[in-house]
Amino acid sequence: MTSRRSFLSGGAAAATLAATGSLFSSARAATPVGIGLQLYTVREIFHADPVGTLEKVAKVGYRELEYAAGGYTEMDHAMLRKAMDRLGLKAPSVQVGYENLLDRFDATVTMAKTLGADAVVLGFMGEKHRNAPAWAEAVANFNRFAEKLKKEGLSFAYHNHDFEFTNKPDGISLFDRLLKDRDPALVRFELDLYWAVKGGQDPKAIIRRLGGQIYSYHAKDMKPDGSMAAVGTGTIDFASIFKLDAVSGVQHIYVENDQAPAPYIPDITTSFVNLRKLRANI
C-alpha cells in the first residue's frame with residue numbers, strides 16, 4: 001500500500017496574528033463549507049482506475065476533492081479535469097510534497113491550475129526536517145512558496161500531523177516555531193483534526209489560536225485504541241469543533257481516512273453521511 005511518506009517524499013507577532021486572523025474570519029465566516037474527499041483515502045483504487053473512482057466518489061454525493069497520492073501527479077491532468085467537469089466535481093486544492101514545491105514549482109502550479117485548484121497544500125515533512133535548523137530553513141521556504149503561489153493566483157496551506165506538536169527541539173514545538181516564523185498573511189493551515197488530537201492537542205484551542213487562518217479541515221475519527229475510523233464512529237467531538245466555523249474561517253472539510261478498509265467506498269460513504277448530519281445541526 002502506498003504510504004503518505006513515500007508519496008510525498010517522492011513525488012509574527014501576536015498583534016499581526018490577531019489582525020490577520022480577524023481579516024480572514026470576517027472574509028470567510030459566511031462562506032458555505034463544502035464536504036469533500038481527500039483522494040489519499042482511496043489511493044489504491046484511484047491509482048488503478050482514476051476515472052472510475054471519481055465516478056464512485058461522485059455517486060456517494062461528494063462534490064469536492066483534494067488530490068493526493070494514487071499517482072495523480074504523473075497522470076493526465078486535463079483528462080482528470082474533463083472527468084471532474086462531467087461528474088460535477090471540483091478540486092479546490094491539491095496536496096503535494098515539499099520536493100514538488102522546491103524542485104518542480106512551475107509544474108506544480110500548472111497541475112494545480114489545470115485541476116481547477118485555488119490552493120496548494122504541503123502535506124508532509126520527513127524526519128530529516130524535524131530538527132531546529134532544518135525546520136527553520138523549511139519554514140523560510142514555506143513563506144517563499146506562498147509568496148510565489150500568490151503571484152500565480154494560488155494560496156498556500158500547511159497540513160499537520162502529530163509530530164509538529166510532539167517534536168520539541170530545545171523545548172519549543174515545531175508547531176510553535178511554525179507559528180512564530182511563518183508569514184501569517186500568506187501561510188494558512190489545513191488542520192488535520194485527528195492528528196491534532198493524536199498529538200495531545202485540543203483542536204478547539206488550536207482553532208481559537210489560529211483565528212481565521214484555517215483553509216480546510218481533514219476529518220477522520222479516532223477509535224478508543226487511537227486508530228483511525230470513519231467520521232462519526234469514534235471519539236472525536238466534531239459537533240463542538242464545527243460550532244467554531246466563524247472563528248476558524250474554514251472553507252472546506254475533506255474526509256481523509258488514511259486507514260480506510262477496502263473496498264473504501266462504504267467507509268467514505270459513512271463519513272459523508274455522518275458529516276452531512278453533523279453540519280446540518282450546527
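Here are some questions and answers on the aromatic rings of this predicted model.

Local features need pLDDT of at least 70 and side-chain atom pairs 80 or more, while totals for chains, interfaces and linings use all residues. Residues are numbered from 1 along each chain as its sequence is written, and side-chain values use heavy atoms, leaving out hydrogens and water.

Me: Glad to look at this together! How many aromatic pairs does a search of the whole structure find?
Reply: Rings of Phe, Tyr and Trp (its six-membered ring) pair if their centres lie within 6.5 Å. With the whole structure searched, the number of aromatic pairs is 16.

Me: Are the planes of Tyr 62 and Phe 272 stacked, edge-to-face or tilted?
Reply: Planes under 30 degrees apart count as stacked, over 60 as edge-to-face and the rest as tilted. The ring centres of Tyr 62 and Phe 272 are 4.7 Å apart and the planes stand at 55°, so this pair is tilted.

Me: Is Tyr 62 buried or exposed?
Reply: Buried means under 20% relative accessible area, exposed over 50% and partly exposed in between (1.4 Å probe, protein chains only). Tyr 62 has 0% relative accessibility, so Tyr 62 counts as buried.

Me: Which residue has its charged end over the ring of Phe 163?
Reply: A charge sits over a ring if NZ of Lys or CZ of Arg is within 6 Å of the ring centre and within 35 degrees of the ring normal. Here the charged end is 3.6 Å from the centre of the Phe 163 ring, and it belongs to Arg 130.
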